[in-house]
Amino acid sequence: MLKKIVKPKTVAVLLLLPLAVVCCKKEEKKTVTTEIKTSNDSIKTVKTEEKINYTDFNIFSLSIISSAEKNTDMDIFISVSDIYKGEQPIPAAIMKNQKQMTYEERQHFELDAPSRKKLLNGIQLTENDSLYIYEYGSNKLQRMPISQLKAVAYLSPYSDDEDLDPDSYMMGFQVATHQKTTDYDRYNNAIAYFGNKNPFVDNKMKAVKWQKADAAISKKYFTQSKLVQGKTYQAQYENLTYYLQDYLQEGNIVDRKLVVINDRKEKIAEKTFSLAGSDGGEFLPLYGIDADEANIFQYTGHLFKGKPPVIFGFIAQSFGCPSISFLDQKEKDFPINCDNRH
């Protein structure tokens, strides 16, 4: 489902991060309702000497855009339009001459120097900052100086090609071009950050591999609900055991509740993922149960320096961008900027 590539006439964009599918902007209804409870025995964070400022912290998904000429030729792109304030910095000549331009010329272009500067100023970055791409599925980190990245615009797939304005474009930075279909998979299970320090913890993320849990687990760790209790699953990360409970309505899973237990059998975190009120959202397959290694969506572990462990990848959303959740009630979710618009 997530590996589908939409044809280019609509300026196809596919979010590679398995936390998201094509969806609307963040102010729309949220699919996931998250409720976190922790005991005083909080999970220890990964120690680090490097201090990361998480005020106004922004992370991004990576997108691929298929070539107008070849369906097997892909561009890797990061849109920053979600955090840019004000009118999108499109070169004046583009808007003025769009009627005389070909579709390919309007679809994708590099920003001129004034527009590039306006974009950087609008997202509070400088040419001295860097792009960090962490492929948490394979523990690979790329650092790219912003000064070496092209600032580009791609036409949104939801734009009216007959009546374009600056907001018709996704603005951001080009990571790679002319990637073959056999090469761009490296950007699955990846997340991006722009700044002057690497915020990512090295080699502490792990795919969550589930297995069926004993029926007694459901009675021990999960409360009764108006919904019908379904199957129960479990997984392991370091000294933590994760239990996941399905809740059904008319035979369909509408809630999944996660409980995390430490090695002293104490409940240290509790979260609920729900489809209530969603429009087209659905639960993603569970690795080890109904998905193989080619379709891993749930990941957990220490992802950010100085922060508690995270977990994510339970719901494919139709509206809004996904979030990364912490196993600590004191920490707010980190939304992932994904520039999804209808």
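On one side of helix α3, A113, P114, K117 and N121 are exposed. This comes from a predicted model. Which residues of α3 are buried? In this helix, which spans residues 113-122, they are S115, R116, L119 and L120. Seen down the axis of α3, the buried residues fall within an arc of 135°, so they line one face of the helix. An α-helix has 3.6 residues a turn, so residues three or four places apart point the same way.

What do the buried residues of α3 pack against? Their partners are two strands, β8 (150-155) and β9 (169-180). Just after α3 comes Q124, which takes a positive phi of about 55°.

## Strand β4: covered on both faces

Strand β9 also pairs with β4. Strand β4 covers residues 73-79, and seven of its seven residues are buried. Look at its two faces in turn. D73, D75, F77 and S79 lie on one side, and they are buried.

Strand β3 (residues 63-66) is joined to β4 by four bridges, and the two run antiparallel. In general, strands of a sheet pair through backbone hydrogen bonds, either parallel or antiparallel.

## An open sheet of five strands

Further along, five strands form an open sheet. Their order is β12-β13-β14-β15-β16, and the pairing is antiparallel. Which are the edge strands? They are β12 (211-212) and β16 (267-274), each of which pairs on one side only.

Two bridges join β12 to strand β13, residues 228-237, and the two run antiparallel. K212 stands opposite Y233 in β13.

## Loop residue N139

N139 sits in the loop between β6 (130-135) and β7 (140-145). Buried would need a value under 20%.

Leaving out residues up to four places away in sequence, N139 touches Y134, D202 and N203. Two of these contacts involve polar pairs of side chains. The side chains of N139 and Y134 are joined by a polar contact of 2.7 Å. Another polar contact, of 3.5 Å, joins the side chains of N139 and D202. N139 also shows how the chain folds back in space. A190 is 51 residues away from N139 in sequence, but their C-alpha atoms are 9.4 Å apart.

## Salt bridges

How many salt bridges does the structure hold? The count is seven. Side chains of opposite charge can pair when their charged atoms come close.

Take E238 and K204. Their side chains meet in a salt bridge of 2.7 Å, N to O. E238 lies in the loop between β13 and β14 (240-249), and K204 lies in the loop between β10 (190-195) and β11 (205-207), so the pair ties together parts that are 34 residues apart in sequence. Both ends are partly exposed: E238 has 45% relative accessibility, and K204 has 28%.

R256 and D246 form another salt bridge, with the closest N and O atoms 2.6 Å apart. R256 is in strand β15 (residues 252-261) and D246 is in strand β14, so the pair ties together parts that are 10 residues apart in sequence. Are these two residues buried or exposed? Both R256 and D246 are buried.

K307 has 11% relative accessibility, so K307 counts as buried.

Which residues are linked in a network of salt bridges? They are K257, K267 and E270.

Conventions
Residues are numbered from 1 along each chain as its sequence is written. This is a predicted model: local features need pLDDT of at least 70, side-chain atom pairs count only at pLDDT 80 or more; totals for chains, interfaces and linings use all residues. Side-chain values use heavy atoms; hydrogens and water are left out. Contact means heavy atoms within 4.5 Å. A polar contact is a pair of N or O atoms within 3.5 Å; within protein, one must be able to donate a hydrogen and the other to accept it, and residues adjacent in sequence count only if both atoms are side-chain atoms. Buried means under 20% relative accessible area, exposed over 50%, partly exposed in between (1.4 Å probe, protein chains only). The arc is that of the directions from the helix axis to the C-beta atoms. Two strands pair if DSSP finds at least two bridges between them. A salt bridge is a side-chain nitrogen of Lys or Arg within 4 Å of a carboxyl oxygen of Asp or Glu.
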